[in-house]
Structure formats: C-alpha cells, structure tokens
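Biologist: I have a model open and want to learn how to read it. Can we go feature by feature?

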Amino acid sequence: MTYKFQQLPQLVDKRGKLPSKGSYGKRANGVKSITTRVWHHSLTKLSAGGSNIVSFANFHVGTNGWPEIAYHLVIDPNTIINGKAAIYYCVDISKRSYHVGNSNTIGLGICVIGDYRTDKLSEATIRSIIDLHKALMADGIGKYDKAHNEMPGYSWKACCVFDYNKAFKDVLSDMLPVVKQPDLVPGLYTVQEGDTFWSIALKDGKEGITVEDLIAANPDVKPSQLKVGQTIKFGTAKNTYTPTPETPKKEQSAYKYPLPSEVLKTGSTDKAAITQLQNALNAVNFKCGTADGIYGAKTKDAVTRFQKVYLPYEVDGIYGQNTKNKLQAVLKSKGY
Ligand SMILES: [Zn+2]
C-alpha cells in the first residue's frame, strides 16, 4: 500500500539504496506497532562534511554494526526540492530499526539533519517537518510525537533540542510578524509572558489607567503572581495621570523571561522563582514540561542538559550564578 507521506513531492525513496549489511527485522505487529513518532536531529553541523544520509548509513552499519541506517525518515535541509527540504525514506516503516533502544518496536525514527544547539531551522526545513507530520497523522502512523530525549531512558540526550511541537504548530512563527490576539471581551486583558501591572497599565491599559486602578479592579489578583493566560479587568481610571516608573534601570522584570538570582535545586520551595526558571528553560528549548514551580526531576534534568551544553565543567543540576549568566546570554542570543 502507498501511504500519503510517500506521495509528498519532496520525498525521495532511498529504501534499499543506502549502505547496509542485511536488513532490520519486522515489527511484531507491523506498522500497527508504531505508537510514537520519535524526533531526532543528527547533532552534526549542517555545514560539516558527512552531514548526509550516506555518511550516517556508513556510520550506523560500519561503526555501530547495525544492518541499516538508524532512521526511517530523514529530512535534509541541504537538499531543497520544490522549496522544501528533501525527505529521504530510508528504512521501511514496517521494520524495527535501531534509534531508540528499548522503544524501537513502537518508535518511528525521524531525523532532521543538523545540530540545533547551534544550527537554525530553515523555512524549507520547517515546511517539510509540517508536511511530513501532517501526512503521517493522516496515514494513522503513530499517535504521539516525542523528542528522542523524552523517551524513557534518554533524558540525558542532547537530541533533539529543536522545538518540534512549535514547528508543527506555528508555521514559521519565528519568521512572520507576531499577530497579537485581540481580547474578545472589552475591558478584559489576558496576561502575556513577562507582564506586570506596570507594563499592562503603560502599554495595554485604556487612557489614564494606573497600577492602582488595576489593583482596585482586581482585588483577588496578587500583582506579584500574575500567570500567563490569566484574565484581569482593566477597571476604570480614577486618576487622570499615568504614573511612570521612577528609574528606568534594566531590572530582571524588564526581560521577557526574568531570571531568579537565588540558587535553586531539588527541594527548593520558592515557586515563583522556580516558575521563572522553568519558563526560561522552555524558551531556549531545554524543555522541562509545564512550568509548575516545582524543582522536580524534569527541571533538574533540563538544568543538567543545559549545563552539559553550555557549562560542561559544572554539570550538577543546580541553578546558580554561572547557570543564570549563561541562561541570560542564551536568552539574549535568541532575541529575548
Ligand atoms: Zn536521537
């Protein structure tokens, strides 16, 4: 049978055409075994020689001793077909290839060539990620998407660090102007990341609205504990002046992702500070799950992964001054 993904115009069938030494076995229940589309990146820089499927196949077969290349599907940003990155169909999806050890039976291996700790996803690449994802969903191949390092036993992997969910959802959101969602109910405001009562009064408030007016209109809301997505009332202006902050010095609260200055680790209890850290880690694609203010295993793991990449001599899973400085720099490099 021919699947929809096989009909994508940028798909090139490479099954049986890459270096190999035999063949992987079939999955126990064939294609029905696949529950999870596992996203990888090759961790080889796009500009490096050897960032291609033949080299990967040679490595997996020659060095690792596997029968074939590890991945079923490979997206190659260096080869453009109809304005989109080429998608190579390398191993038949009915086969149990080796890409995620204990989960090979249920996993479909998809690799985006590049090292996304430093490389950037191109528009052509994002378009192919979206096309492939849509087609696989339409074909009913897999139910879930996971990064390699979200699979059991692989949290230590720096694969993949690109935000595959973001790539599926927001078509090129990084490249297109941000469209701000209008508030549906006049007089209400939905709190955005980084907002304070100050910023809301200054940039979003109706004429003359002050911080005091916002506090008065929202007696149940603690100004220090605004949550993204929370709805607040603008209220009515009681004063005729709009106050301005006294000193325009760049405080942490002026950043989109303010960073706490205290040391945070397993057992820390400052929920607001931990939430800030979690939001910042998620923003730079060191995913720690929902920002819940709890320094649990996921948060410690995200800090550890961040340190492995940016502070390799200080990998302890504890957020301190050096981690803060690096994280600030990485946020800045991403335009935050
Ligand atoms: Zn991987």
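Predicted model: local features only at pLDDT ≥ 70, side-chain atom pairs only at ≥ 80, totals over all residues.

Biologist: How many disulfides does the distance rule give?

Modeller: Zero disulfides. The rule asks for two cysteine sulfur atoms within 2.5 Å. The closest cysteine sulfur to that of Cys111 is in Cys159, 6.9 Å away, so the pair is too far apart for a bond.

Biologist: Is Cys159 buried or exposed?

Modeller: Buried, because its relative accessible area is 4%. Burial here means under 20%. Cys159 also has a metal to hold: its SG is one of the atoms that coordinate the zinc ion.

Biologist: Which other residues coordinate the zinc ion, and at what distances?

Modeller: To read a metal site, list the donor atoms. His40 and His148 each use ND1, alongside SG of Cys159, at 2.1 to 2.3 Å. Water is not among the atoms, so the site may look incomplete. Next, read the donor spacing along the sequence: H-x107-H-x10-C.

Biologist: Now a helix. Why does the length of α6 agree with what its 13 residues should span?

Modeller: Count the residues, then check the ends. Helix α6 (residues 271-283) should span 18 Å at 1.5 Å a residue, and its end C-alpha atoms are 18 Å apart, so the two agree.

Biologist: Which residues of α6 are buried, and what covers them?

Modeller: The buried residues are Ala273, Ile274, Leu277, Gln278, Ala280, Leu281, Asn282 and Ala283. Their cover includes α7 (297-310) and α8 (321-333). Look just past the helix too. Asn285 takes a positive phi there, about 70°.

Biologist: One last case. Where is Ser97 found?

Modeller: In the loop between β4 (84-89) and β5 (107-112). A loop residue still needs its accessibility checked. Ser97 counts as buried because its relative accessibility is 0%.

Biologist: What does Ser97 touch, and which backbone oxygen lies 2.7 Å from a polar atom of its side chain?

Modeller: Leave out residues up to four places away in sequence, and Ser97 touches Tyr24, Ala70, His72, Val91 and Asn104. The backbone oxygen is that of Ala70, 2.7 Å from a polar atom of the Ser97 side chain.

Notes:
Residues numbered from 1 in each chain as written. Heavy atoms only, no water. Donors = N, O, S within 2.8 Å, 3.2 Å for Na, K, Ca; no water. Buried < 20%, exposed > 50% of the residue type's maximum accessible area, 1.4 Å probe, protein only. Helix = DSSP H or I, 4+ residues; strand = E, 2+ residues; numbered from the N terminus. Expected span 1.5 Å × (residues − 1). Contact = heavy atoms within 4.5 Å. Polar contact = N/O pair within 3.5 Å; in protein donor to acceptor, adjacent residues only side chain to side chain.
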